[in-house]
Amino acid sequence: MKVVALVSGGKDSCYAMMKCQQYGHEIVALANLMPVDEALDELDSYMYQTVGHQIIVCYAQCMGVPLFRRRIQGSTRHHGLSYSMTPGDEVEDMLILLKEVKRQIPSISAVCSGAIASDYQRLRVESVCSRLGLVSLAYLWRQDQSLLLQQMISSGIIAITVKVAAIGLDPSKHLGKELIHLESHLHKLKELYGINVCGEGGEYETLTLDCPLFKNARVVLDKFQVVLHSPGQIAPVGVLHPLEFHLEQKSVYLSAGNTDQSNEVSVGEFNSVHEVVGDCLDVGQAPCSENDVISDLAVDTKQELHFSKSKKDNTFSIACWLQDASKTSADLRGDLKVVLTRIELLLIEYNCSWENVLYVHLYIADMNEFTLANDEYVKFITQEKCRFGVPSRSTLELPLLQAGLGRAYVEVLVSNDNTKKVLHVQSISEWAPSCIGPYSQATLHKDVLYMAGQLGLYPPTMLLHSDGPALELQQALQSSEAVAKCFNCSISTTAIALVIYCSVSLSSSDRIVIENQKDVYIAEMKLRLNSGSRSNLPVVNDPVILYILVPDLPKRALVEVKPLLFSGENVEIPSGVTKQNLDAKQAYWGFQHENWHDSCLKKCIISGRICVAVISVTQEIAAKICSQSTNPACTEPQCKSSSENEVVSIAKFCIYLLDEILLENDFSWDDILNLRIYFTASPETSHAKLSSIFYNAYNEFANISTRIDSDQGPMFNLVPVLGAGSSATSIDNILTCELIARKF
């Protein structure tokens, strides 16, 4: 991509440009924001470094690219972390500047910045990029600062300090010093006082005089003045004010011309510097369209629309799908609009909106139509509608049509307490894959981290790993760990569940490799964690692992990883929470607790607050179920075949065993957030038929048990897949139940 680089003169923005070149991008312009008064060194700004701005004009000649500059007219008016268009804010100056750069150089498609750890700055750059249709590149984002400082110095960046404002940094001693001479001192201050060695806490600022990108000339600072802003004894604040400087041509540049001429070049000789003036035009967020939802709330009655909802009122899940849509379904876009409209109506009914949604599972019938699905999705779920952050998302192709469903099926997890914390990084970086669309990498809600499905994308290029499924999985796990680290979690120690979606394109031997690679990589990750600074994280024993076989994944990926993590501190069962005695339980439908039940069950219980369980019904388990069951339903008229009788028995067994799991761990059916039932789609096992069987079993159980109330309707989601199992080598379950329950 052709890139305009935001430059402050500091080491970070220069090294970010070098990383852009490393990944194949071309820096074609520079952009800088400066004070209105050129004599002023520093502004009171959270966004911009201006110390040393007098020298930035030289960078155009040093690099041989045009420089666009704007004097900062605005101030800090929008104080929230996430930014929205605010007239008079200093961020609008950046928008005016970059809009003019794009006008003069239309081929520019990306913006490079040196953000390392400041969400405040990154989110504002991303907001401007989004409004201008540009991609944000932030290759230093979330990098280890000690390693980053070492890399900057070793890469050939010659930068001096132009501001110091931290304990252990003295303006009279340390201003004007090259970083290479301060590196060891900065690491010492980090050990003593915990400073950020790259200056991310405002400890110091730098000015780059030379770097490998300066192919034509380097800056020579001849004379400067130290200006004390705060002469305190503990952490005095001072800045360096340049008085005299010149450019010194490099030998490579000289060899192309007259080598007898003087090395010194007058700054005024170079005229590819453009000052951008004018007021902000109305370049706002994309219009918050009502997308005709309100006018179309009367959903087409010809379409058979169904939904389910879990019992809780404060945090609950909703699923919506079209049943028997083969006759009325027009296309994916139409089906998705109907489904999302229905969900929006339900959210309103429960006094919620899209901003209350924590997570979205988007199931579509054909991944070739992913772009169409996304276009419709963003009409409903936008950053403007989600004040607390857009929800995380997982998108899969499923055999919906084979199961007798429409082309779109959506699940949402909702909370009405507005306490979610969202991580949404739209910038391309080395950290983890970016989420440029309206979905987040992860959403934290009450000690549980719901992570978006991670593909094996190499973050700097956003391309899938091309060296096979094992490395694709490893990259997905590595990216998941990078996201988890932001919340002080780890997929190796705090995972409650790990769902791995496998494309049908994978061979059986590939699936064996994937499972082995998962075990090896997580074990290695755990070793690194235990030997490092994060060894004090809580440890969750035996997370639930589930493999799902699907027709296709986004970008034709072979695997997608969806972790569910615990972010709290206490994983022990608190006092007062006691397990129930199974021997005292009532038997239902002839089922009584037997040891073989454990062979089809995987569960993870956290502190009596979280219960995750998976029931895997294989052919072998099904035979045991039918031999144990005294199923009166087998004599009922709706049981038209032995296979259907078997499904009825399996449905009742699953409900019985789910009740056993909940009761044993002191949970109720009302505590359930999600209950997914995965089944292999086929003409013989349609979604409608299976729904009827489970619904009847559920109601029958409600009539014989005091622990469940069926008045609110079904609370389970039947999800058609190509296969499921607790092992990648045996994704051949007849039926798989996935339960997530929570106490608040």
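## G406 in strand β16

In this predicted model, G406 sits in strand β16, which runs over residues 405–415; strands here are DSSP runs of E with at least two residues, helices are runs of H or I with at least four, and both are numbered from the N terminus. G406 is buried, at a relative accessible area of 0%. Buried means under 20% relative accessible area, exposed means over 50%, and partly exposed lies in between, using a 1.4 Å probe and protein chains only. Although 84 residues separate G406 from L322 in sequence, their C-alpha atoms are 4.8 Å apart.

## Ground rules and confidence

Residues are numbered from 1 along each chain as its sequence is written, and side-chain values use heavy atoms, with hydrogens and water left out. Because the model is predicted, local features need pLDDT of at least 70 and side-chain atom pairs count only at pLDDT 80 or more, while totals for chains, interfaces and linings use all residues.

The mean pLDDT of the chain is 88, and 88% of its residues reach 70 or more; pLDDT is the predictor's confidence in each residue, from 0 to 100. Over residues 253–262 the pLDDT falls below 50, and this stretch has eight contacts in the model beyond near neighbours in sequence. Contact means heavy atoms within 4.5 Å. Residues 264–271 also stay under 50 in pLDDT, and the model has eleven contacts for them beyond four places in sequence.

## The chain as a whole

How many helices and strands does the chain have? There are 15 helices and 31 strands. Of the 744 residues in the chain, 58% are buried. Among contacts with a separation of 6 or more, 77% join residues 24 or more positions apart.

## Two buried strand residues

S136 belongs to strand β5, residues 135–137, and is buried with a relative accessible area of 5%. The side chain of S136 makes a polar contact with the side chain of S427 at 2.6 Å. A polar contact is a pair of N or O atoms within 3.5 Å; within protein, one must be able to donate a hydrogen and the other to accept it, and residues adjacent in sequence count only if both atoms are side-chain atoms. Setting aside neighbours within four places in sequence, S136 is in contact with V111, V125, E126, C129, Q426, S427 and I428.

R71 is found in strand β3, residues 67–71, and counts as buried at 18% relative accessibility. Which side chain does the side chain of R71 meet in a polar contact? The partner is the side chain of E38, at 2.8 Å. Beyond neighbours within four places in sequence, R71 is in contact with M34, P35, V36, E38, D93 and E275.

Two packed helices are described by the angle between their axes and the distance between the axes. The axes of α5 (residues 145–154) and α7 (residues 179–193) come within 10 Å and cross at roughly 170 degrees, which means that α5 is roughly antiparallel to α7. Axes are lines fitted to C-alpha atoms, for helices over the stretch in contact, and angles run from 0 to 180 degrees between N-to-C directions. Angles under 35 degrees count as roughly parallel, over 145 as roughly antiparallel, 65 to 115 as roughly perpendicular, and the rest as oblique. From α5, S146, L149, Q150 and I153 meet L179, I180, E183, L186, H187 and K190 of α7.

The 18 residues of α15 (residues 687–704) should span 26 Å at 1.5 Å a residue, and the end C-alpha atoms are 26 Å apart, which agrees. The expected span is 1.5 Å times one less than the number of residues. Buried residues of α15 include H687, L690, I693, F694, Y698 and F701.

## Loop residues

K177 lies in the loop between α6 (171–174) and α7 and is partly exposed, with a relative accessible area of 39%. K177 touches A159, I160, T161 and L182, not counting residues up to four places away in sequence. The C-alpha atoms of K177 and V162, 15 residues apart along the chain, are 8.5 Å from each other.

D447 has a phi near 70 degrees, a positive value in a residue other than glycine. D447 is in the loop between β18 (442–445) and β19 (448–451), and at 29% relative accessibility D447 is partly exposed. For D666, phi is near 65 degrees, again positive in a residue other than glycine. D666 lies in the loop between α14 (642–664) and β28 (672–680) and is partly exposed, at 31% relative accessible area.
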